[in-house]
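Hi,

Here is the structure I said I'd pass on. Have a look at it first, and then my notes are below.

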Amino acid sequence: MRVKRSVGKRVTFIVGLILAFAYIFPFFLVFVNSLKLKPEVLANPLALPSHITWDNFSQALTKMNFFRSLTNSIIITVLSVSMLIIFSSMLAYYLARTKNKLSKYIFLILVTSMIVPFQALMIPFMARFAQFVSWNNRGALIFFYIGFGTALSTFLYHGFISNIPTEIDEAASIDGASDMVAFWRIIFPMMRPITATVAIINALWIWNDFLLPRLVLTNETQTLPLSTYLFYGQYTVEYGQVMAGLVLAVIPIVIFYLILQKQFISGISQGAVK
Amino acid sequence: MASARATKRFMKLAFTPMAIFTVVLVVPFATGFYYTFTDWDGFESTKLVGFDNYIKSFKDPTFWSTLRFTTLFVVVSLVIVNLVAFGLALIVTSSLRSKNILRTFFFVPNLIGGVVLGVIWQFIFNSAIVALANKYNWEIFKQSWLQDTNKAFWALIIVTVWQSSGYMMIIYITGLISIEQDVLEASQIDGASPLRTLLTIKIPLMAQAFTIALFLTLRGGFMAYDVNVALTGGGPFRTTELISLHIFQDAFANGNFGTGQSKAVVMFLIVALAALVQVSISKRYEVQR
């Protein structure tokens, strides 16, 4: 029995190892080739570089406007996520604590809306918002993210607030606190775990989103996925440089993940199961 | 008096997000639906045309081939993603000491957007594999997989599985961990084999995780756009266009706003119907605890 189990464990380990290797291999391939000159990439993509060149990286940095796109991505993600947290937590508080017909309908509409694919909206969407977009496309994009993100975020907060006893609100209001004060001083700080979940789920989505920025943003305001895609399209044959660009595009989010690994995993499992 | 207070509460807490939600989601949805029954050209509509846009859409043979291609893609990716993800979850919840680092490796592709992943794999399929195939004489890889519709389909599946299995793995891990330890011990004492325990105890007790993961992969499959654009770009000859890209091309590249939007409405109906059927079937298997 014991022998059998340890064999099983070894098999699991080997299968796991092979799979882990397969999952990580594409990144390894990209990294190795980002350090090579073009002829060497074509001669043998699997070989280690015979001599390491960092020139590809400096080329990619300027050609894809790396720091500008990175800044744009950060601005758009941080602003959208913080506004989503503020607005959807308040909305959820209202929906969870107000028991009337209106709040019931609002909740129902929000839940139903989660099934609507963006593609079903994008055409009238672009026609309707063309002027808003040309006036301030980053602002417009953030506004759109708040609209599209509200349903899921509110839903997550709603589940959490429903488990906070109403006595806490009542005590606050007896002490003379207004709704806003009670919410921001007492309820909101209690919701830190779900706020982390909401932040991570929305940040991953907005950071990596491509279709909406592609429709809305211009050259000066493009985000990282957009500039990576355009850079690749323009310099496809400059293999080394393109690989360096991909490495640059991947690094920020991987660092972010390694720092917040625990929150990521618990965020996704909470976000999905609720 | 009470209603005045309720109104005030609504204005303070709910008005702004609901206004944005309405402007961004509800209004375009409603007007988009209305436009499909008019001669809308992206700027203005002058008259109602009934079902003309829908009829035109369904007469378009590329729309049918896109629908076929998308359905096949959704079904195949749904099955493989979930099988792989469940397998990964079993590995990562076993008693291995290296399980945390394995989990990280499986999850990493998921952090990165579909466009970057698609571009990485375009390099692999178009350049890396072809270079190796010519060097070592591997027949099936000598021509890039992305040049052939059938092989490009599998390329899309490979990248999708690689990308989304890590996410679904997390959902299955959550399900597996939520099973009470004493139930598992009881089955072990009764002499159930690990396979038997898996099939008759673990899977039924974590059916909710399957409901969620299947729903997410179904929806994700229908909405897939990024990987499609970056990996195949719909080629060769628009034969690997999934529905999202097809609508995008129809409206923004060819300027057919009326049919583009009708196709989008059709897509919405398909997604809603498929999701409804899937969730109601999956729900039946969930055990009440």
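This is a predicted model: local features need pLDDT of at least 70, side-chain atom pairs count only at pLDDT 80 or more; totals for chains, interfaces and linings use all residues.

You'll find Thr211(B) in helix α9 of chain B, which covers residues 207-223. Leaving aside residues up to four places away in sequence, Thr211(B) touches Val279(B), Ser282(B), Lys283(B) and Glu286(B). There is also Arg284(B): 73 residues along the chain from Thr211(B), yet the two C-alpha atoms are separated by 9.8 Å.

Staying with chain B for a moment, on to the nonpolar core. Which residues touch the most other members of the largest one? Those are Met169(B) and Tyr172(B), in a core of 150 residues. Helix α6 of chain B (residues 149-177) supplies the largest share of this core, with 14 residues. Chain A takes part too, as at least three core residues come from each of its domain 1 and domain 2. If you want to look around Met169(B), its contacts include Ala85(B), Leu88(B) and Ala89(B), along with Val92(B) and Phe106(B), again not counting residues up to four places away in sequence.

About those domains: in chain A, domain 1 runs over 2-56 and domain 2 over 65-235. Taken over C-alpha atoms, their centres are 38 Å apart.

Next, the interface. On the chain A side 66 residues are in contact with chain B, and on the chain B side 71 residues are in contact with chain A. Helix α1 of chain A (residues 2-34) gives the most to chain A's side, namely twelve residues. Sorted by class, that side of chain A has 49 nonpolar residues, 14 polar ones and three charged ones.

How do α13(A) and α14(A) run relative to each other? The axes of helix α13 (residues 224-235) and helix α14 (residues 239-259) of chain A cross at roughly 175° and come within 10 Å. Angles over 145 degrees count as roughly antiparallel, so that is what α13(A) and α14(A) are to each other. From α13(A), the residues that meet the other helix are Leu224(A), Thr228(A), Phe231(A), Tyr232(A) and Tyr235(A). On the α14(A) side they are Gln241(A), Val242(A), Gly245(A), Leu246(A) and Ala249(A). That contact has seven nonpolar and three polar residues, and no charged ones.

Cheers

Conventions:
Residues are numbered from 1 along each chain as its sequence is written. Chains are lettered from A and ligands numbered from 1 in the order in which they are written. Domain bounds come from an automatic or database domain assignment. Two residues are in contact if their C-beta atoms, placed from the backbone, lie within 7 Å. Helices (H or I, at least four residues) and strands (E, at least two) are DSSP runs, numbered from the N terminus. Ala, Val, Leu, Ile, Met, Phe, Trp, Tyr, Cys and Pro count as nonpolar, Asp, Glu, Lys and Arg as charged, and the others, Gly among them, as polar. Axes are lines fitted to C-alpha atoms, for helices over the stretch in contact, and angles run from 0 to 180 degrees between N-to-C directions. Angles under 35 degrees count as roughly parallel, over 145 as roughly antiparallel, 65 to 115 as roughly perpendicular and the rest as oblique. A nonpolar core is a set of buried Ala, Val, Leu, Ile, Met, Phe, Trp, Tyr and Cys residues joined through C-beta atoms within 7 Å. A residue is buried if 20 or more other C-beta atoms lie within 10 Å of its own, exposed if 12 or fewer, and partly exposed in between; C-beta atoms are placed from the backbone.
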